Amino acid sequence: MKRLLYITLLVGSLAFMSSCGKGFLTDLANNPNQPSQAPLQLILPPVLTGYATQITSGYQSIGNWMGFYSYSGSYSIDANTYTYYLAYTDGDWDFWFGQLKNVNYIEQQAKGKENTEYILSIAKILKAFGYQHLVDSYNEAPYSKAFQGSADFFPAYDKGADIYKESIAQLDSAILSIQDAMANNPNATNPGANDIMFGGNMTDWLAFANTLKLRFLIRQSNVITAADAKAELSKTTSVGYLTADAMVNPGYLNSADKQNPLWNVFGTNPGGTLYSDGFKYRYAGGALVNFFLDYNDDRLFYMYAPPGVDPTMSEYTAVDSTFSDYKASYYGDRDAAVELTNSGGASGVGHGVMKGFDASVPLISAAESYFLQAEAVQRGWMSGDAKDLFQKGITASFEYLGVVNADDAAAAYYANGKVLSDWNATPASRKIEAIVTQKWAASAISDNYEAWTEYRRTGFPGTGILPLTKYPGATRHIPNKYLFPKSEADRNQAAYKAAIAGGNDPQSSKIFWMK
């Protein structure tokens, strides 16, 4: 009797499960309140935040090399630091690969799925952005074999030129995909508020991608032909380029680890006290301060603050327009730094770049966009008015810093009759120098890395503006590249050895696009 009852119950149970449908057991395994994978658009904010943090605050030492900072005379600085000694730079490598792992996840998960054109295209754009920095730092990196997990724990490195070529192709693909979705798929999922740079405005993403593509091409000015550059630019010229700063803001707050990244270095903690080894550690650099002084450039009053004024004071956001009030020493000039410290101090980072704990962060500035275009036109790579674009780049820099009456101030500046600021006063042989030098000034503190990269490509600003370290007896020059990480030497030995065989000396080895 019991056996008959068990059989009856078993048959009834099976019948019940059958009536629940084919996916009953699978449905039980998927808890809708605890998804097994994050929605792809939710991965976007931390990636953009990470990119913005690294660009803005991750390259402070490069700011010293580029003449934007000089160490305070009240700190004891190691001679190796003043003479461009470069140790392993695992942090930069690990940062970009950590972020690119998330970008790759978005890309792989979005492939082949309906209505994912926008998020997939954004992933391709951000992948190109990250890999450009890796190549520009190390020259080679895992690309085609990267992110394969257990299928390849020890990925080989790809040549920088190959990564550049593939990245440009991916940017073209992203541009076409966004355009097609905008025209033909009203159901394409827009990232909306999760896009903390453009708020889901895909026209802005098109301009960003095309500006990044132009950066890739300009970077190769020494190694590609004008014909090849023209052909690449002609594919997407109609898309246009950035005309406003590409600003990232996840909702910065005045709380620990949630402030604007530059404020988190040079500003005040949530309690209102200056961060140690921040504002009073790196003061203004003599190269940029004296460039501003030589050119009567109003940006000085915003890029830097007068000695003795810091972010804890109400005077910090006031405009002191007396040129003689600003003081700075050159990088490596230890005696001058000490003298300034003893006599009242040097100028510090100003309110034009350090705008507050909740300020947005530029990933690519409008100024850079205009200067890139100006150089492309000047080289004959595309049509346009190089003078107008050059002047727009200067104006955009004045506007970013918050210069009062920025348009008029910029107009007065680029009509001052001086070489490198006034297009008409600059001979044809120095037009590119003028563009790159003004890009150097515009990128100060907000994108130190871009200034270093352009310096390595062109040698501008020249030593008349940006002298090498003034540390006595120094013989090293500003590094050409980063050392491959020690972590790679430890865990990816075959690829590492192959890479260093091509050169791994920061002083003599070069990135593929260098002269």
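## Second largest pocket

Helices α8 (160-184) and α10 (226-236) each supply at least two residues of the lining of the second largest pocket. Helices here are DSSP runs (H or I, at least four residues), strands likewise (E, at least two), numbered from the N terminus. The largest share of this lining comes from α8, with six residues. The model is predicted: local features need pLDDT of at least 70, side-chain atom pairs count only at pLDDT 80 or more, and totals for chains, interfaces and linings use all residues. Residues are numbered from 1 along each chain as its sequence is written, and side-chain values use heavy atoms, with hydrogens and water left out.

The second largest pocket holds about 240 Å³ of space. Its lining has 13 residues, and Lys 165, Ile 168, Leu 217, Gln 220 and Glu 232 lie nearest its centre. By class, seven are nonpolar, one is polar and five are charged. Ala, Val, Leu, Ile, Met, Phe, Trp, Tyr, Cys and Pro count as nonpolar, Asp, Glu, Lys and Arg as charged, and the others, Gly among them, as polar.

## Largest pocket

The volume of the largest pocket is about 500 Å³. It is lined by 19 residues, of which Phe 97, Ala 146, Phe 147, Phe 153 and Pro 155 are the closest to its centre. Two or more lining residues come from each of α6 (90-110) and α20 (486-491). The top contributor is α6, with six residues. The lining divides into eight nonpolar, five polar and six charged residues.

Pockets and cavities are found on a 1 Å grid over the protein atoms alone. A pocket is an open set of points with protein on both sides within 12 Å along at least five of seven lines. In a cavity, a 1.4 Å probe fits but cannot get out. Lining residues have an atom within 4 Å of a point. Points are joined across faces, edges and corners, and a volume is the space filled by probe spheres set on them.

## Cavities

The whole structure has five cavities of 30 Å³ or more. Of its 20 lining residues, Ser 365, Ala 442, Ser 443, Ser 446 and Asp 447 are the closest to the centre. β8 (361-364), α15 (366-378), α16 (386-401) and α18 (431-443) each give at least two residues to this lining. α16 gives the most, four residues. Eleven lining residues are nonpolar, four polar and five charged.

The second largest cavity has a volume of about 90 Å³. Its lining includes Thr 56, Asn 260, Lys 355, Tyr 400 and Ser 446. The classes here are seven nonpolar, four polar and one charged.

## Packing of α9 and α19

Helix α9 (residues 202-219) packs against helix α19 (residues 448-458) at an angle of about 35°. Their axes are 11 Å apart. Axes are lines fitted to C-alpha atoms, for helices over the stretch in contact, and angles run from 0 to 180 degrees between N-to-C directions.

From α9, Arg 215, Ile 218 and Arg 219 meet Glu 450, Thr 453, Glu 454 and Arg 457 of α19. Contact means heavy atoms within 4.5 Å. One of these residues is nonpolar, one polar and five charged.

## Gln 54

Gln 54 sits in helix α3 (residues 40-57). Its relative accessible area is 12%, so Gln 54 is buried (under 20%; exposed is over 50%, partly exposed in between; 1.4 Å probe, protein chains only). Beyond its neighbours within four places in sequence, Gln 54 is in contact with Tyr 59, Asp 92, Phe 95 and Trp 96.

The side chains of Gln 54 and Tyr 59 make a polar contact (3.5 Å). Such a contact is a pair of N or O atoms within 3.5 Å; within protein, one must be able to donate a hydrogen and the other to accept it, and residues adjacent in sequence count only if both atoms are side-chain atoms.
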